[in-house]
Every structure is written in structure tokens, then in C-alpha cells.
Amino acid sequence: MSIIVKDLVKAYGTQKAVDHISFEVQPGEILGFLGPNGAGKSTTMKIATGYIPSTSGTVLVDGFDVTEQSLEVRKIVGYLPEHNPLYLDMYVHEYLRFIGKVHKIPSVKLKPRIKEIIQMAGLEVEQNKQIGSLSKGYRQRVGLAQALLHDPKVLILDEPTTGLDPNQIVEIRNLIKQISQEKTVVFSTHIMQEVQAICDRAIIINRGSIVADQSVESLKAGAADRITLLVEWAGEIDESMLQSLEGVDQLENLHTGKWKISGSKTSDLRKKLVNLSAAQNWDLMGLTVEEHSLENVFRELTATKD
Amino acid sequence: MLAVFQKEISLFLNSLIAYIVIGVFLTGIGLLTWIFPNTNVLDYGYASLDTLFDLGPYVLMFLIPAITMRTLAEERKTGTIELLLTRPLTDWDIVFGKFLASWALVIFSILPTLIYYVSVYQLGNPTGNIDTPGIIGSYIGLILLGGLFAAIGMFASSLTDNQIVSFILAVFFCFIFFDGFEAIANIDVWGTLSLLISQIGIVYHYKTLSKGLLDLRDLVYFFSVMAFFLATTFTIIRSRKW
């Protein structure tokens with residue numbers, strides 16, 4: 001059930017979309033695959049599902065090589081491609097039946113299975129409609145339903161929540177969480193909250209290379225030893241005084257009297273700032289802590305350095 | 001393969017393509033066979049269906065590319081090809097399933113013209129004075145021709161993700177294969193090669209079949225050209241792996 005990616009390279013001409021990526025996903029794990037647009041997320045997923053070949057390197061899904069035993073891999077993988085392509089002329093039931101037949105599910109089992117999956121994906125209300133007449137959120141559910149229909153051991157979801165409204169996002173996340181218990185799930189996204197909400201582990205890739213591969217907990221912990229404060233004073237203050245404070249390593253003047261100050265968490269910056277204001281007789285108007293979240297980690301790791 | 005075949009058929013039915021193709025084919029060929037003054041059987045005065053079998057290929061030459069133009073081009077454009085290719089289906093399943101579905105639709109639109117045969121059979125003087133073996137051969141020829149056009153159409157559809165380009169290419173290839181080789185063979189420069197060139201074209205084999213002569217060589221011709229175009233289509237789909 002595991003996925004093993006080893007030294008994977010995909011080159012288009014001289015440009016490397018995926019550059020020597022290696023990672024493993026264990027059974028029962030939910031892996032968040034993160035990166036800015038064009039980082040190589042979709043390419044990696046397309047290779048893992050056998051849609052396009054790699055330039056070099058191997059991908060093993062449940063022990064099957066995706067190029068050598070492509071058909072075996074495709075039997076056990078449920079895949080939701082990016083942009084969720086669907087046959088808009090088909091009806092929901094008809095489409096799911098087609099997918100079921102492709103996977104050679106016997107028709108005795110197929111009927112109850114379709115019923116079950118429609119319920120699971122929350123499609124009951126829309127189940128008798130043509131796919132083309134469904135809203136984006138429901139189409140996404142159809143996409144998920146087709147990926148789950150044959151009860152795959154491995155789920156590969158390429159941006160399953162793009163274009164959904166907040167309620168739908170939560171529902172889809174819950175669905176993924178619910179089904180992931182005995183499956184291996186890899187899903188890509190560029191929304192950090194999503195990773196925080198459902199993943200065990202996150203891989204961040206940028207320009208085809210892995211820049212972080214760790215548990216979500218440790219990613220968050222990495223972010224936790226710094227603090228950023230937004231401080232507002234009435235009127236001008238002296239920058240050199242701020243700089244001389246111990247523990248401050250970044251200063252930014254947003255506009256008159258308003259500063260963005262970041263530094264290490266342990267140095268108790270807030271207290272020092274209040275004391276300094278009192279000593280200098282500056283009128284402190286506001287002080288807020290900016291959350292150092294995964295977003296910042298993501299931004300730091302994937303900021304383009306040219 | 002069966003799943004792909006069924007899916008294609010239901011897409012034809014859902015998107016009205018099937019009804020339009022059958023309707024247009026039957027209306028067009030019906031007008032030519034019974035109404036239009038220069039071609040209709042009634043004025044002609046002989047109990048034959050030559051109009052159907054002479055002009056049928058030209059109607060099919062436009063209709064079949066219209067059926068096949070979307071088969072692969074649309075899948076590519078909408079990205080659904082990725083769905084198909086990441087399923088436990090071989091590339092053959094996809095190409096062959098789609099081809100058979102298109103061919104089945106063509107056969108479905110040809111079959112109702114059997115009524116013409118019955119009508120002309122009744123109109124003959126004496127009743128039944130009609131070249132039945134010739135007509136059986138012609139039907140076989142027309143159906144095989146439909147299959148060949150469908151294979152050419154699939155090939156054209158695999159070349160591009162634009163349906164209009166695919167349609168135009170398919171019509172052109174169908175025309176070249178149907179009439180083109182015959183016409184080229186008639187240019188007076190080939191000498192003894194002329195026969196060989198006309199044998200590459202469809203007309204040569206179609207004509208023999210419509211005489212009621214079921215020659216194995218003609219059947220082999222039709223099936224091997226079909227196989228050639230399907231294999232090319234298959235190779236083009238495969239080429240994503242290169």
C-alpha cells in the first residue's frame with residue numbers, strides 16, 4: 001500500500017519539472033503535497049498514476065513499478081486529476097457505472113456500491129442530473145466519487161478542494177479524513193490550512209525539489225520559536241531605540257508610528273516594548289501578535305531566490 | 001473495451017449526435033434515392049439501388065468524420081483522456097472501443113435503408129426482378145467502407161485536440177482514400193503501376209463487392225487498411241510515453 005518515489009526526474013527539454021525527488025508514503029498516512037504553482041506537484045502525481053513517464057527514477061506503488069506494471073498500479077490507485085475532468089454529457093449514475101465497469105466490478109456489487117459512494121460523497125440530491133448541469137462543488141464530489149468507487153488502496157488527489165466554498169472545503173476534507181483510515185492518501189494543495197487540518201505529514205516542493213519533508217507538527221514547531229508583533233504608537237518614535245532592544249532581529253516601518261517587529265519568542269519582546277514605551281513616554285496605541293503559521297514557513301521555503 | 005464501447009454509445013445518445021447522424025443520413029440518402037430528379041430510382045426505371053451505393057459513400061464521407069472528430073480530440077481538450085489512461089484500460093481498449101462504437105453507429109444508420117431494397121423489390125417487374133447478390137455485396141461494401149472511414153476518422157482525431165481540424169483532415173483523408181488513388185492512377189504516366197495505385201484506393205475494391213463478388217482479397221484490403229489506421233492511432237496515443 002505504500003508509495004516509494006526514488007530519485008524521480010522529469011525533464012521537458014532542458015527544464016526539469018521534477019528534479020531528483022525521493023520520498024516514501026506509509027500505509028494509512030495522509031501526505032500533503034505542497035508547493036507553489038508550477039513546482040512539480042501535478043507532474044509527480046501524473047507520473048505516480050502512470051499517465052506520463054518519468055525521465056529517470058522509479059515510483060513503486062504497493063510494490064508495483066508504475067512503468068513496468070502500469071496496469072496493476074492503475075487497478076489499486078484512485079486518482080482525481082487536476083481540474084477534475086469529467087464527461088459533462090453523462091449522468092452521474094451512468095458515469096459511475098462506467099468507471100465501475102472499467103474496474104470490472106461485477107454488476108451485482110456495483111449497484112449497491114454506487115449507492116454507497118453517492119451517499120458518502122453527499123451526492124444524493126444531485127444524483128439524477130447530468131454532470132454538466134452540476135455546480136463546481138458537486139462536480140468535485142463526482143470526481144472524488146469516481147476516484148473512490150473501486151475502493152482503491154492508494155488515493156492520489158490533485159488539488160481536490162480548489163474552487164470550492166468554505167463549507168464544501170470542510171466537507172471534502174472530512175470526507176478525505178474519513179476514508180483515509182485504511183488507505184494511503186497523497187493530496188496536493190497550495191492551501192496551508194488544509195495541511196494543518198488533515199495531514200500527518202507534509203512535503204513542500206519548490207521548483208522540482210523537495211525543500212521540506214516532515215510531520216506537520218514539526219513544521220509548526222519550526223515556526224513557533226519566532227514571534228512577529230505589530231506595534232502602533234501615536235506619532236514618531238526613535239528607530240535606534242527599537243533596534244537596541246535585545247532579541248529584535250527584523251524591523252519594518254509600515255507607516256508613521258506603525259512598526260512590524262519580529263524576533264525570537266524567548267526574549268519576551270512584548271514586555272520590553274511596553275517598558276520602553278513607558279520609559280520614553282511614547283503613547284502605545286496597539287500591540288498585536290501576528291500568527292507565525294505554516295503559511296510563513298511555506299513562504300520562507302518557497303520564496304524565489306533569483 | 002466493452003465499458004469504453006458502452007460509454008461511447010451512451011455519449012452518442014446523450015449528446016444527440018446519434019439521432020442527428022442517423023436522421024441526416026437517412027434524409028439525405030432518401031432524397032437522393034427517391035425524390036431528386038437526376039438520381040431517383042423511380043425515373044431511372046431500373047430496379048436497382050445504384051444511387052444508394054454510388055452516392056452513399058459521399059454522404060458517409062462527411063458524416064463519419066463528424067461522428068469520429070470528437071472521439072479523441074475532445075477527450076484531449078477536456079482532459080478526460082487522463083481519466084481513461086489512468087484507469088486499468090489498455091490503450092487498445094480505448095482505441096478499439098471507440099472505433100467499434102463509431103462503426104456501430106454507422107451500421108445503425110445504414111440498416112434502415114434495407115427498406116429501400118424491399119420497396120424496389122416490390123416495384124420490380126416482375127416483382128423481385130432485382131440483383132439480390134449484388135445488393136448484398138454492396139451492403140457489405142458500404143458497411144466495410146463505413147468502418148474504414150471510421151478508422152480514418154479516429155486517426156484524424158488522434159492528431160489534434162481541435163475537433164474542426166480533425167473533421168477537415170478526416171474528410172480529406174477519406175476522400176483521398178476513396179477517390180483520390182483511383183484518380184491518380186488515371187493520370188497517364190504510371191504505365192503498369194496504374195493498376196497497383198488504383199488498388200490502394202477504396203473504389204477499386206468497393207466496385208468489386210457491389211457486383212456481388214465477395215473476393216477474399218477485397219475483404220483483406222478493407223480490414224488491413226482499418227487495422228493500419230487503428231494501429232497508427234494507437235501509436236499516437238502511445239507516443240505520450242516517449
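The exercises below, each with a worked solution, concern aromatic pairs and the chain contact in a predicted model.

**Exercise 1.** Determine which geometry the aromatic pair of Trp34(B) and Tyr116(B) has, and where in chain B the two residues lie.

*Solution.* A search of the whole structure finds 22 aromatic pairs over all chains. For Trp34(B) and Tyr116(B), the centres lie 5.7 Å apart with 90° between the planes; because planes over 60 degrees apart count as edge-to-face, this pair is edge-to-face. Trp34(B) belongs to helix 2 (residues 17-35) of chain B and Tyr116(B) to helix 7 (residues 114-123) of chain B, 82 residues apart, so that the pair links distant parts of the chain.

**Exercise 2.** Decide whether Tyr116(B) is buried or exposed.

*Solution.* The relative accessible area of Tyr116(B) is 11%; because buried means under 20%, Tyr116(B) is buried.

**Exercise 3.** Classify the ring pair of Phe149(B) and Phe178(B).

*Solution.* The ring centres of Phe149(B) and Phe178(B) are 6.3 Å apart and the planes stand at 75°, so the pair is edge-to-face. Phe149(B) lies in helix 8 (residues 132-159) of chain B, while Phe178(B) lies in helix 9 (residues 163-186) of chain B. Both Phe149(B) and Phe178(B) are buried.

**Exercise 4.** Describe the contact between chain A and chain B by its residues, its buried area and its polar pairs.

*Solution.* Chain A gives 28 residues to the contact and chain B gives 24 residues. The buried area is about 2,400 Å², with 60% coming from carbon and sulfur atoms; in chain A, Tyr51(A), Arg74(A) and Tyr87(A) lose the most area to chain B, together 29% of what that side buries. Across the interface the rule finds zero salt bridges, but twelve residue pairs in polar contact.

Conventions
Residues numbered from 1 in each chain as written. Chains lettered and ligands numbered in written order. Predicted model: local features only at pLDDT ≥ 70, side-chain atom pairs only at ≥ 80, totals over all residues. Heavy atoms only, no water. Phe/Tyr/Trp six-rings, centres within 6.5 Å; stacked < 30°, edge-to-face > 60°. Helix = DSSP H or I, 4+ residues; strand = E, 2+ residues; numbered from the N terminus. Buried < 20%, exposed > 50% of the residue type's maximum accessible area, 1.4 Å probe, protein only. Contact = heavy atoms within 4.5 Å. Buried area = accessible area lost by both parts, 1.4 Å probe. Salt bridge = Lys/Arg side-chain N within 4 Å of Asp/Glu carboxyl O. Polar contact = N/O pair within 3.5 Å; in protein donor to acceptor, adjacent residues only side chain to side chain.
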